[in-house]
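Subject: Handover of a structure and notes on its features

Dear colleague,

Please find the structure for your study below.

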Amino acid sequence: MAAASPAVDELSRNFTYWALGAANGSLSGAWYRRNQIHLLGVLLAILGNLVMSISLNIQKYSHVQLAHQEHPRPYFKSALWWAGAALMAVGEMGNFAAYGFAPITLIAPLGCMSVTGSAIISVMFLKENLRASDLLGMTLAFAGTYLLVNFAPDRNQSISARTVQYYFVGWQFLIYVILEILIFCTLLYFHKRKGMKHMVILLTLVALLASLTVISVKAVSGMITFSVTEKTQLTYPIFYIMFIIMIASCVFQVKFLSQATKLYDTTMVVPVNHLFFTTSAITAGIIFYQEFHGAAFLTVFIYIFGCFLSFLGVFLVTRNREKEHLPQSYIDFGNIPGKQMLDKIQPDSNGLSYGTLPDGSDSTKSQSGEKKEV
């Protein structure tokens with residue numbers, strides 16, 4: 001009888017260990033010892049994303065409350081808004097800590113939990129509509145998360161300063177950085193000099209910066225974890241280099257993402273940004289930390305399929321969500337019986353015809369004539 005392939009052997013071992021752990025109520029043996037740290041990172045990432053979902057909905061609720069006040073205050077004077085901001089910081093800290101315990105290729109795709117969690121909370125507490133696409137999207141996102149957790153690379157490497165230095169000067173990362181700088185400068189030229197503000201350009205700039213962010217975040221978080229568990233790594237210059245890269249890339253990332261959200265609808269920005277960010281982060285983890293080294297082809301294929309399911313789930317959850325709640329800020333003259341819309345719906349507020357029907361009626365002329373006489 002022919003011997004089974006390495007991919008089938010690895011998959012069968014993973015399923016066998018999982019089944020034994022589920023039957024006994026706990027994971028045990030060598031597989032547990034190898035993956036318990038990764039499971040801790042997964043839990044931190046999931047909890048961090050859920051806390052961020054709660055914080056976003058709290059801030060959204062505070063904006064709604066302020067909008068219904070007769071004399072609305074600035075949002076930064078609302079205690080409820082600051083409570084949401086504090087929870088956002090807690091969630092980000094959970095994500096930051098998760099990178100110190102698990103691979104980038106395992107933590108980055110779990111960002112879909114923030115989107116699905118936000119949709120669930122908005123339905124429960126903000127009384128938004130629950131659509132069939134929401135249920136389908138959540139199901140696909142949870143299925144993708146299950147595949148990601150079970151088939152992500154299980155390399156358990158300690159991130160010390162010497163390890164980061166070794167990867168930092170490796171030829172794979174140097175080629176990757178050179179290509180990334182060339183692409184970034186080209187897109188920045190078209191964005192700044194040519195005035196091109198397409199969403200794909202802005203979110204590609206965000207994704208390129210995100211790859212440096214996740215590399216530096218994992219390096220800083222891993223070295224802090226190594227310092228706590230074994231030997232301090234804070235005396236090495238590479239720690240502070242990575243810390244500066246982390247802060248700088250985060251700042252510029254927020255800048256370009258803010259521009260994208262101002263120019264385009266959130267329902268378009270969120271799924272595309274999740275796709276670009278996750279793809280960039282996974283690529284950075286594969287190249288810098290070599291997280292898929294020695295992985296079987298079938299394992300990689302199922303992992304990619306899990307990513308696809310999570311992308312599709314996020315798209316379905318965010319699709320057309322904001323459009324259902326857009327307020328109508330002015331009257332649509334095309335819907336008035338007996339009136340035909342011949343001009344702009346909303347006239348210039350500084351013009352004499354503001355607030356009148358834009359059909360060149362005599363009322364507009366009489367108003368302008370009276371003003372001339374006065």
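A disulfide is a pair of cysteine sulfur atoms within 2.5 Å of each other. The sulfur of Cys307 has its closest cysteine sulfur in Cys112, at 9.1 Å, which is too far for a bond. The structure holds zero disulfides.

Before going further, please note that this is a predicted model, in which local features need pLDDT of at least 70 and side-chain atom pairs count only at pLDDT 80 or more, while totals for chains, interfaces and linings use all residues. Residues are numbered from 1 along each chain as its sequence is written, and side-chain values use heavy atoms, with hydrogens and water left out.

Overall organisation

The chain has 13 helices and zero strands. Both kinds of element are DSSP runs numbered from the N terminus: helices are H or I with at least four residues, and strands are E with at least two. Read from the N terminus, the elements run α-α-α-α-α-α-α-α-α-α-α-α-α.

How much of the chain is buried? Buried residues make up 40% of the 374 residues. Here, buried means under 20% relative accessible area, exposed means over 50%, and partly exposed lies in between (1.4 Å probe, protein chains only). Returning to the cysteines, Cys307 is buried at 5% relative accessibility, whereas Cys185 is partly exposed at 45%.

Aromatic rings

Rings of Phe, Tyr and Trp (its six-membered ring) pair if their centres lie within 6.5 Å; planes under 30 degrees apart count as stacked, over 60 as edge-to-face, and the rest as tilted. By this rule there are 10 aromatic pairs. One of them joins Tyr167 and Tyr289 edge-to-face, with 5.8 Å from centre to centre and 75° between the planes. Tyr167 belongs to helix 7 (residues 161-168), and Tyr289 to the loop between helix 11 (266-288) and helix 12 (297-318), so this pair ties together parts that are 122 residues apart in sequence. Tyr167 and Tyr289 are both buried.

Phe168 and Phe173 make a tilted pair, with centres 5.6 Å apart and planes at 40°. Phe168 is partly exposed, at 26% relative accessibility, whereas Phe173 is buried, at 6%. These residues belong to one aromatic cluster, formed by Tyr166, Tyr167, Phe168, Phe173, Phe288 and Tyr289.

Charges and rings

A charge sits over a ring if NZ of Lys or CZ of Arg is within 6 Å of the ring centre and within 35 degrees of the ring normal. Lys218 lies over the face of Tyr289, 5.8 Å from the ring centre. Likewise, the charged end of Lys255 sits over the ring of Phe256, at 6.0 Å from its centre.

The salt bridge

A salt bridge is a side-chain nitrogen of Lys or Arg within 4 Å of a carboxyl oxygen of Asp or Glu. How many are found in the whole structure? A search finds one. In this salt bridge the side chains of Arg131 and Asp134 meet at 2.8 Å, N to O. Both Arg131 and Asp134 are buried.

A nonpolar surface patch

Patches are made of residues with over 30% relative accessible area and no salt bridge; like charges are joined within 9 Å, and nonpolar side chains (Val, Leu, Ile, Met, Phe, Trp, Tyr) within 5 Å. Accessible areas come from the Shrake-Rupley method with a 1.4 Å probe, and for residues only the protein chains shown count as cover. Trp171, Ile175, Ile178, Leu179 and Leu182 form a nonpolar patch on the surface, with about 560 Å² of accessible area together. Leu182 lies in helix 8 (residues 171-192) and is exposed, with a relative accessible area of 52%.

Backbone notes

Most residues other than glycine have a negative phi. Gln290, however, has a positive phi near 50°. Gln290 is placed in the loop between helix 11 and helix 12 and is partly exposed, at 24% relative accessibility.

Ala207, in helix 9 (residues 199-229), is buried with a relative accessible area of 8%. Tyr240, in helix 10 (residues 237-263), is partly exposed at 44%. The C-alpha atoms of Tyr240 and Ser216, 24 residues apart along the chain, are separated by 10.0 Å.
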